[in-house]
Amino acid sequence: MTPIPQIRPIHPGDLDAVLRLNRAHEVELSPLTRDRLAALTGMAFAAWVIPPVEAFLIAFDQDAAYDSPNFRWFKERLERFVYVDRIAVAAAARGRGLARALYARIFAEARACGHDAVVAEVNSDPPNPASDAFHAALGFDPIGSAAFADRGKTVTYLVKRLA
């Protein structure tokens, strides 16, 4: 049986390592500066890391003052939600259930705070079939899409309803 990984809040001392992991996944995520990362973690519903920064997750609820167009898309359509803005797992740590553990924790925290949905987006162009399959296995359903010509990408918006 695989041990449950430790999940803890992102500390200021983690920022450089989180940035490196984000840079390794910029195609799927988006670029960040250190200052922007610090600001995001400060306003997040959840900003967690699995030490020693093998994986991280940053999420916002509907009340966040977040300027992401993807976050705004959900905010215009849903009353209460937790938006997973970014999640990444280091290549050397893949296959150990770290992303699944982070999602299990965000589902539990969202339910405990009275949210009825966890939402995310996945690139559909360029395609990300591994993420599509992962999110489908977790029970996410597509609810929309958007094209961003300035970024050269199209995303599919996903929702997992919490019972």
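Me: As I understand the numbering, helices (H or I, at least four residues) and strands (E, at least two) are DSSP runs, counted from the N terminus. With that in mind, which element gives the largest share of the lining of the second largest pocket?

Reply: This is a predicted model, and the element you are asking about is strand 4, which supplies three residues to the lining of the second largest pocket. The lining as a whole has 19 residues, and those nearest the centre of the pocket are Ser30, Tyr66, Ser68, Arg86 and Arg151. Helix 3 (69-75), strand 4, strand 5 and strand 7 (153-161) are the elements that give two or more residues to this lining.

Me: How is such a space found, and what is the volume of the second largest pocket?

Reply: The general idea is that a probe the size of a water molecule, rolled over the atoms, shows where empty space is left. In this structure the second largest pocket has a volume of about 290 Å³, and its lining, sorted by class, has seven nonpolar, four polar and eight charged residues.

Me: What is the volume of the largest pocket, and which residues are the closest to its centre?

Reply: The largest pocket holds about 650 Å³ of space. It is lined by 27 residues, of which Ile87, Ala88, Ala99, Ser131 and Phe134 are the closest to the centre. Two or more lining residues come from each of strand 4 (82-89), helix 4, strand 5 (117-125) and helix 5, and strand 4 makes the largest contribution here, with six residues. By class, the lining of the largest pocket divides into 13 nonpolar, seven polar and seven charged residues.

Me: Are helix 1 and helix 2 roughly parallel or roughly perpendicular to each other?

Reply: Angles from 65 to 115 degrees count as roughly perpendicular. Helix 1 (residues 15-24) packs against helix 2 (residues 34-43) at about 105°, with the axes 10 Å apart, and the pair is therefore roughly perpendicular. Leu15, Asp16, Val18 and Leu19 of helix 1 meet Arg34, Leu37 and Ala38 of helix 2, a contact with five nonpolar, no polar and two charged residues.

Me: Turning to the backbone, which peptide bonds are cis, and where does Val53 lie?

Reply: The bond from Pro51 to Pro52 is cis, with omega near 0°, and Pro52 is found in the loop between strand 2 (46-50) and strand 3 (55-61). Val53 likewise lies in the loop between strand 2 and strand 3, and has a positive phi of about 55° although it is not a glycine. The bond from Asp125 to Pro126 is also cis, with omega near 5°, and Pro126 is found in the loop between strand 5 and helix 5.

Definitions and conventions: Residues numbered from 1 in each chain as written. Predicted model: local features only at pLDDT ≥ 70, side-chain atom pairs only at ≥ 80, totals over all residues. Heavy atoms only, no water. 1 Å grid on protein atoms, 1.4 Å probe; cavity = no way out; pocket = protein on both sides within 12 Å on 5 of 7 lines; lining within 4 Å. Points joined across faces, edges and corners; volume = space filled by probe spheres on them. Nonpolar A, V, L, I, M, F, W, Y, C, P; charged D, E, K, R; others polar. Axes fitted to C-alpha atoms, helices over the stretch in contact; angles between N-to-C directions. Parallel < 35°, antiparallel > 145°, perpendicular 65-115°, else oblique. Contact = heavy atoms within 4.5 Å.
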